[in-house]
Amino acid sequence: MQTLYSMHQNHSDNIEKEEKFLFQSIDNVQDLYLIMISTLVEIRKKEEEFLDISSKKHLATKEEKNPNLKFINNKVLRILDESNSLSVALANRKINNWNVDDEYISILLKEIKESALYQKYMSGRVNEFEEDKDLVVDIFTEIIAPSIKLYEYLEDHKLTWIDDIPLVNTLILKQLKAFKSDEDLFFVPKLYNDVEDKEFVSQLFRRTVLNEAVLAKEYAEKTPNWEADRIAELDSIILKMAICELLKFPSIPVKVTINEYLELAKEYSTPKSSIFINGILDNLVKEFNTNGKLKKTGRGLM
């Protein structure tokens, strides 16, 4: 949707160039994910380095010589730190943001150590898995994810990430909450489920671009009181994509298509867009069923 909108704004008709940008944008989502999950790894390392330096001071205090290691021994943070999947993904994508801009890790660590949840956690010295997991979930939810400094850094680094941050943070929280024991391994999720998943991206994009005029005609007659230029541009793009998916992707259930595009309208377009789009798609589905244009395969796809 965003790529199609960009094409319209720039009056571009270079499909190959725009498709390349589309896939780069998707790759960038994984980069954002890796940057966000690696904050936890780097925060633990930063604290470990601090404790090590403090213990070697010439006039180190008793507490500095025998520090509470509970945080750096946190079982969930250890799982992340020792994840081969994560280290390989960071190397492959050349993600080294926190080596270059480690001051942001220092800022986050300071906020964590000043928090009440950290103080409560560090009141003991023994690591228990559930308590360790709860702490990591809480610091990610309450300190890392909502960090204004981190948000501004990400915005400056890549503007397209702003829309992706909630999605990425939700995925990370789901993964953190899914840990059951310190025997668990951490794996970086695949960007695409399979080859067909990636092909779908290209096919939906190309089929929508190449058939825009035809797709627009499908809903033009359903909006007699609306001139084309009065329909919000995003609404127009969402309708074209939805109609393309309804007519040219027989394996995708009608309800799935409608629900997905209504969510896009609610998130990105005008307050009344979802009602407007729902009405048009509902009428079109009835018409497509009547004239036999809607051909879905498989059980439960209508």
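Contact is taken here to mean heavy atoms within 4.5 Å. The structure described is a predicted model. Under this criterion, and leaving aside neighbours within four places in sequence, Ser-54 is in contact with Ala-60 and Glu-64. Ser-54 belongs to helix α2, which covers residues 15–55. With a relative accessible area of 8%, Ser-54 is buried, because buried residues are those under 20%.

Helix α2 also takes part in a helix pair with α5. The axes of α2 and α5 come within 11 Å and cross at roughly 125°. The two helices are therefore oblique to each other, and α2 passes α5 in a left-handed crossing. On the side of α2, the residues that meet α5 are Leu-34, Ile-37, Ser-38 and Val-41. Their counterparts in α5 are Leu-86, Ala-89 and Leu-90. By class, the residues of this contact comprise six nonpolar, one polar and no charged.

The crossing in which α7 passes α9 is right-handed. Here Leu-108, Glu-111 and Ile-112 of α7 meet Ile-139, Ile-143 and Ile-144 of α9. The residues of the contact of α7 with α9 divide into five nonpolar, no polar and one charged.

In soluble globular proteins, nonpolar side chains tend to be buried together. In the present model, the largest nonpolar core has 51 residues. Within this core, the residues with the most contacts are Met-36, Leu-40, Phe-71, Leu-154, Leu-176 and Phe-186. Two or more residues are given to the core by each of α2, α4 (75–81), α5 (84–92), α7, α8 (116–121), α9, α10 (148–157) and α11 (165–178). Helix α2 provides the largest share, eleven residues. Leaving aside neighbours within four places in sequence, Leu-176 is in contact with Leu-40, Val-76, Leu-80, Lys-133, Val-136, Val-137 and Phe-140.

His-11 is located in the loop between α1 (2–10) and α2. Its phi is near 50°, a positive value in a residue other than glycine. His-11 counts as exposed, at 72% relative accessibility. Lys-94 lies in the loop between α5 and α6 (97–100). Phi of Lys-94 is near 55°, again a positive value in a residue other than glycine. With a relative accessibility of 69%, Lys-94 likewise counts as exposed.

Towards the end of the numbering considered here, Leu-294 is placed in the segment after α16 (273–291). Leu-294 is buried, its relative accessible area being 9%. Along the chain, Leu-294 and Lys-57 are 237 residues apart, and their C-alpha atoms are separated by 74 Å.

Note on methods. Residues numbered from 1 in each chain as written. Predicted model: local features only at pLDDT ≥ 70, side-chain atom pairs only at ≥ 80, totals over all residues. Heavy atoms only, no water. Helix = DSSP H or I, 4+ residues; strand = E, 2+ residues; numbered from the N terminus. Buried < 20%, exposed > 50% of the residue type's maximum accessible area, 1.4 Å probe, protein only. Left-handed = near helix turned anticlockwise from the far one by under 90°. Nonpolar A, V, L, I, M, F, W, Y, C, P; charged D, E, K, R; others polar. Core = buried A, V, L, I, M, F, W, Y, C linked by side-chain atoms within 4.5 Å. Axes fitted to C-alpha atoms, helices over the stretch in contact; angles between N-to-C directions. Parallel < 35°, antiparallel > 145°, perpendicular 65-115°, else oblique.
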